[in-house]
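Thanks for making time, everyone. Please take a look at the chain on the screen, and I will walk you through it.

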Amino acid sequence: MQRGYLLPEGCKDLNDVLKRKQKRAHYLLPKLPNQFAQLPKGCGLLIRPRKQPAPLPPVEGEIIIPDQTTVSQLAALLSQKPFLIVADLMQMGVFANVWQLLGFETISRIARKYGFVVKKAA
């Protein structure tokens, strides 16, 4: 116990720390607050608050587009660089390049992020 002062409170050796980490993996999220109160200080779960999505900007304008549009055309309509649109698509879980066609729903979500409302061309 020469280095016992380095261990979290309530843990007498590294095996206790490892066992508690393994137990953490088995907890279910709805039960976290009650079980968190039972664990010793320092060896417990690390609870991080969820990030709130950023509020959408006010609507600046309206864009009329066909049913499908490429990323580069959308970037030109929104006055943005194509790589920014690709980055936004990646955050949404859509992996696309500059020349790939996007569906109307995806286009409307991206455009709304930049303050535009999208309508389909007739």
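First, a term. Helices and strands here are DSSP runs, a helix having at least four residues and a strand at least two, and they are numbered from the N terminus. Keep in mind that this is a predicted model.

Read from the N terminus, the order is α-α-β-β-α-α-β-α-β.

Now the whole chain. It has 122 residues, and 26% of them count as buried. The accessible surface is about 9,500 Å². Carbon and sulfur atoms account for 57% of that surface. What about contacts along the sequence? Take those between residues at least 6 apart: 60% of them join residues at least 24 apart.

Let's go to single residues. Start with Asp88. Asp88 sits in helix H4, which covers residues 82-92. Is Asp88 buried or exposed? The cut-off for buried is under 20% relative accessible area. Asp88 has 8% relative accessibility, so Asp88 counts as buried. Which residues does Asp88 touch, beyond its neighbours within four places in sequence? They are Ile110, Lys113 and Tyr114. With Tyr114 there is also a polar contact: the two side chains are joined at 2.4 Å.

Next, Ser79. Ser79 is in the loop between helix H3, residues 71-78, and H4. Exposed means over 50%. Ser79 has 64% relative accessibility and therefore counts as exposed. Look at the backbone too. Phi of Ser79 is near 55°, a positive value, and this residue is not a glycine.

Now a strand. Ile64 belongs to strand E1, residues 61-65. Its relative accessible area is 57%, so Ile64 is exposed. Ile64 still has contacts. Setting aside neighbours within four places in sequence, Ile64 is in contact with Lys119, Lys120 and Ala121. Ile64 and Leu77 are 13 residues apart in sequence, and their C-alpha atoms are 9.6 Å apart in space.

Lys120 comes up again. Where does Lys120 lie relative to Phe104? Lys120 lies over the face of the Phe104 ring, at 5.1 Å from the ring centre.

Last, ring against ring. A pair of aromatic rings is described by the distance of the centres and the angle of the planes. Pairing requires centres within 6.5 Å. How many aromatic pairs does that rule give? The count is 0.

That's the tour. Over to you.

Technical notes. Residues are numbered from 1 along each chain as its sequence is written. This is a predicted model: local features need pLDDT of at least 70, side-chain atom pairs count only at pLDDT 80 or more; totals for chains, interfaces and linings use all residues. Side-chain values use heavy atoms; hydrogens and water are left out. Buried means under 20% relative accessible area, exposed over 50%, partly exposed in between (1.4 Å probe, protein chains only). Contact means heavy atoms within 4.5 Å. Accessible areas come from the Shrake-Rupley method with a 1.4 Å probe; for residues, only the protein chains shown count as cover. Rings of Phe, Tyr and Trp (its six-membered ring) pair if their centres lie within 6.5 Å; planes under 30 degrees apart count as stacked, over 60 as edge-to-face and the rest as tilted. A charge sits over a ring if NZ of Lys or CZ of Arg is within 6 Å of the ring centre and within 35 degrees of the ring normal. A polar contact is a pair of N or O atoms within 3.5 Å; within protein, one must be able to donate a hydrogen and the other to accept it, and residues adjacent in sequence count only if both atoms are side-chain atoms.
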